[in-house]
Amino acid sequence: MKSFKAAVIVGALGVTLAGCTAGTPAAEQPPTAPSTSTSPATQVPPASDTKAPAPTTSAAAASGVLDPGGFGAIRLGMTAEQLVATGLVEGPEGQELCELYRLKSGEGSLWLQKDGTGVASIGLDRAARTPEGITFGSTAAEVRAAYPTLREGVSWSSVDRSGDTGYGFSGDPVTKLLVFKRDQGCHN
């Protein structure tokens with residue numbers, strides 16, 4: 001009779017604990033101690049495995065910031081060795097003056113100038129924004145409002161940023177973002 005009461009109490013406790021943690025993300029749930037009893041009635045049922053919904057396109061775009069110095073771990077001026085050590089790129093595809101590397105994530109590519117000046121530009125095709133909030137789908141009017149000194153071009157519009165860097169924007173609405181070192185020789 002005592003083991004039956006213990007099994008009922010432990011079973012009720014397990015239901016109560018499962019009910020309390022069902023809405024708590026797995027990372028915040030306290031660890032449960034493994035059961036030492038062989039009786040199935042004393043087993044505590046595992047909490048349901050809930051997963052966070054996948055981010056929307058706009059949430060994914062907001063996750064990566066293309067700042068005047070680079071994109072995440074990839075920074076303008078990095079050497080080829082530093083760039084490859086990030087584990088984020090494939091390549092290079094050799095050119096005479098520069099090498100093209102592609103981001104493994106499929107988000108874009110970058111040019112590395114072979115004369116020792118390092119990463120010259122990073123071009124992104126998706127999942128990024130500038131610190132001023134310009135992202136894929138931003139209109140030309142939004143870009144001009146964020147960057148009043150914007151110079152409009154045939155293929156790209158550009159604006160000088162801090163130090164010797166600049167941003168480039170292609171399309172209306174924006175379909176490609178670029179951060180680049182001014183006076184680099186990989187592209188115009």
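Good morning. A disulfide is a pair of cysteine sulfur atoms within 2.5 Å. With that in mind, let us turn to the structure above, which is a predicted model.

How many disulfides does a search of the whole structure find? The search finds one. Cys-98 and Cys-186 form this disulfide, and their sulfur atoms lie 2.0 Å apart. The two cysteines belong to distant parts of the chain, 88 residues apart. Cys-98 sits in strand S5, residues 98-103, whereas Cys-186 is in the segment that follows strand S10, residues 176-181. The torsion about the S-S bond is about -95 degrees, so the disulfide is left-handed.

Are these two cysteines buried or exposed? A residue counts as buried when its relative accessible area is under 20%. Cys-98 has a relative accessibility of 3%, so Cys-98 is buried. Cys-186, with a relative accessible area of 16%, is buried as well.

I turn next to the largest nonpolar core, which has 25 residues. Among the members that touch the most other members are Ile-74, Leu-83, Val-119, Tyr-147 and Phe-169. Strands S5, S6, S7, S9 and S10 each give two or more residues to this core. Strand S7, residues 118-124, gives the most, with three residues. Val-119, leaving aside its neighbours within four places in sequence, is in contact with several residues, including Leu-83, Leu-110, Trp-111 and Lys-181.

Tyr-147 lies in the loop between helix H4 and strand S8, and Tyr-167 lies in strand S9, so the pair ties together parts that are 20 residues apart in sequence. Tyr-167 also pairs with Phe-169; here the centres are 6.1 Å apart, the planes are at 55 degrees, and the pair is tilted.

Finally, I come to a sheet. Strands of a sheet pair through backbone hydrogen bonds, either parallel or antiparallel. The open sheet considered here has three strands in the order S1-S2-S3, with antiparallel pairing. Strands S1 and S3 stand at the edges with a single partner strand each, so one side of each is left without a neighbour in the sheet. Two bridges join S2 to S3, and Gly-70 stands opposite Arg-75 in S3.

Thank you for your attention.

Notes. Residues are numbered from 1 along each chain as its sequence is written. This is a predicted model: local features need pLDDT of at least 70, side-chain atom pairs count only at pLDDT 80 or more; totals for chains, interfaces and linings use all residues. Side-chain values use heavy atoms; hydrogens and water are left out. Two strands pair if DSSP finds at least two bridges between them. Helices (H or I, at least four residues) and strands (E, at least two) are DSSP runs, numbered from the N terminus. Buried means under 20% relative accessible area, exposed over 50%, partly exposed in between (1.4 Å probe, protein chains only). A nonpolar core is a set of buried Ala, Val, Leu, Ile, Met, Phe, Trp, Tyr and Cys residues joined through side-chain atoms within 4.5 Å. Contact means heavy atoms within 4.5 Å. Rings of Phe, Tyr and Trp (its six-membered ring) pair if their centres lie within 6.5 Å; planes under 30 degrees apart count as stacked, over 60 as edge-to-face and the rest as tilted.
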